[in-house]
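Reader: I'm new to reading protein models. Could you walk me through this one, a bit at a time?

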Amino acid sequence: MAELLNLNTDQMLPIIKYNKFFNPNVCHVCKSTSQEDLLTCPSCRMITYCSKLHQAMHLNEHSQICDIIIKTNLTMKNMQCSTGLMDSQWVAFKMANIQNITQQLHRDLLPYEEQMFLYPKSCLVCHTQKDVTTVCERCFSVNVCSKHKLHNYSHDCFFLRICLDTDKICANGDQYRDIPELLPLMEIIPLFEMGSLVATLLRNGKENASWSFTHIIYSDVLSELFTLFYGLKLTNLINNSSLSKEFVIHIVVDVDIMDLWNLSLWELLLHVPGMSNKITVIIVGTTISRNEFNFIDVCEECTKCGRELNYNCLFMFYHEYTRSAVYKKPHVVVVFDVEFEKGGRPKKLITALCDQQCPVIITAKSESKALRIIDLIRKKLVPGPVKPMFYAKNRFASLRPYRDYDGCSVYFPHERIIIYRNLIDTNITDLDARNLINDSNRSITSSL
């Protein structure tokens, strides 16, 4: 993966969707990393441009949030007064700024606007946003003030650079939407892990094809689908789904990660032997951009066989959905990297999951977050405790790094996977779980 750093993404202009992400050390419009003549917005002092032309190009889009930042700094609290905060205080400070600005705007922040407050130009050590004089010229994602020397402090430089370059490539358009043929691999996919899977897909007859940003981006696109598929295999749900006229999947998300193109790939599930001929995917979360009920065009073979793939996108908390008029009982619930404690809602979310009385697949960004989720479920459930039937590093985690809240490290989506047979079966033992997983693995192997 080290060869990726040799790619000069500054040459990939013009940036088509420059508002897809924010970095305080690059021009917001063209994403150039050149530090010469970099201009900071003189009003909010939070966003930069390589020229007055690019600043003018972004003026109309930036003016509303810029005015709110100025007003907040003058009348309520200075969002740039962060010197000396401890790391945990620094994260809380940024979250409070996001909440404050959101309330004043009377709308949700756009992704890049939220990143302005998550990743402001600030000192890695003392978190001051004043007198920030040095930027890491390798990753362009970390700064220090005049009181500190960058080489004395570690940060996740390699992956932060990969993160920046991947963001730039994705902002440059949708050129990575031609997924190679996946259908022949579906039955043996559980024997792969994500790295070998995308390498096999993109090899094109070459035995030692070099790693590329394409591998990283495809892994991110495919991670949700194959995490679900792997979980369905482990819980033996695929072999039983054909008994149902409609197989219902609930997806709980914190970010709007699943666009229509991503969902169209889920048609692959209809081709898996033993799967129901009708699949409905219901995506629920407070970051869903709009409520939507629709179906996805399927291939000619699926049409002839009467197979259907439907999806519903619903802007609400999951516990609200389970009490709504449009609720459909699921065969499986998948919770993708949701912050269980966000908004003080863990008991409501866990109770709603428990009420479904079906397998629950949960992913987490890190081991610590996964163990915290397991502990929350253990403590919140009555009579409990319920043990997961499977917990491990996810073989189909995304290989694309994303900046974490602290700004100097990264995470990989869906890094850990937790599977519960259900959240009311308190009698499951570790031996039961091992036997179930072994049975599932044998059925996978026998189908080859």
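Predicted model: local features only at pLDDT ≥ 70, side-chain atom pairs only at ≥ 80, totals over all residues.

Reader: Is K31 buried or exposed?

Author: Anything under 20% relative accessible area counts as buried. K31 comes in at 1% relative accessibility, so K31 is buried.

Reader: What about its backbone, what is phi of K31 near?

Author: K31 is a residue other than glycine, and yet its phi is positive. The value for K31 is near 65 degrees.

Reader: Okay, cysteines now. How many disulfides does a search of the whole structure find?

Author: A disulfide is a covalent bond between the sulfur atoms of two cysteines. To count here, the two sulfurs must be within 2.5 Å. For C41, the closest cysteine sulfur is in C44, 3.7 Å away, so that pair is too far apart for a bond. For the whole structure, the search comes up with zero.

Reader: What is the relative accessible area of C41?

Author: C41 is a buried residue, and so is C358, with a relative accessible area of 5%. For C41, the value is 5%.

Reader: On to helices. How many residues of α4 are buried?

Author: Helix α4 takes in residues 157–171, which is 15 residues, and reaches 21 Å from its first C-alpha to its last, close to the 21 Å expected. The rest of the structure largely encloses α4, because its buried residues number 13 of the 15.

Reader: At what angle do α5 and α6 pack?

Author: Two packed helices are described by the angle between their axes and the distance between the axes. Here α5 (residues 194–202) and α6 (residues 213–234) have axes 10 Å apart. The contact involves residues including L197 and V198 of α5 and Y218 and L222 of α6, and by class it has nine nonpolar, four polar and no charged residues. The angle is about 115 degrees.

Reader: How far apart in space are Y218 and V198?

Author: Y218 is in helix α6 and is buried, at 6% relative accessibility. Along the sequence, Y218 and V198 are 20 residues apart. In space, C-alpha to C-alpha, the distance between Y218 and V198 is 7.0 Å.

Key: Residues numbered from 1 in each chain as written. Heavy atoms only, no water. Helix = DSSP H or I, 4+ residues; strand = E, 2+ residues; numbered from the N terminus. Expected span 1.5 Å × (residues − 1). Buried < 20%, exposed > 50% of the residue type's maximum accessible area, 1.4 Å probe, protein only. Axes fitted to C-alpha atoms, helices over the stretch in contact; angles between N-to-C directions. Contact = heavy atoms within 4.5 Å. Nonpolar A, V, L, I, M, F, W, Y, C, P; charged D, E, K, R; others polar.
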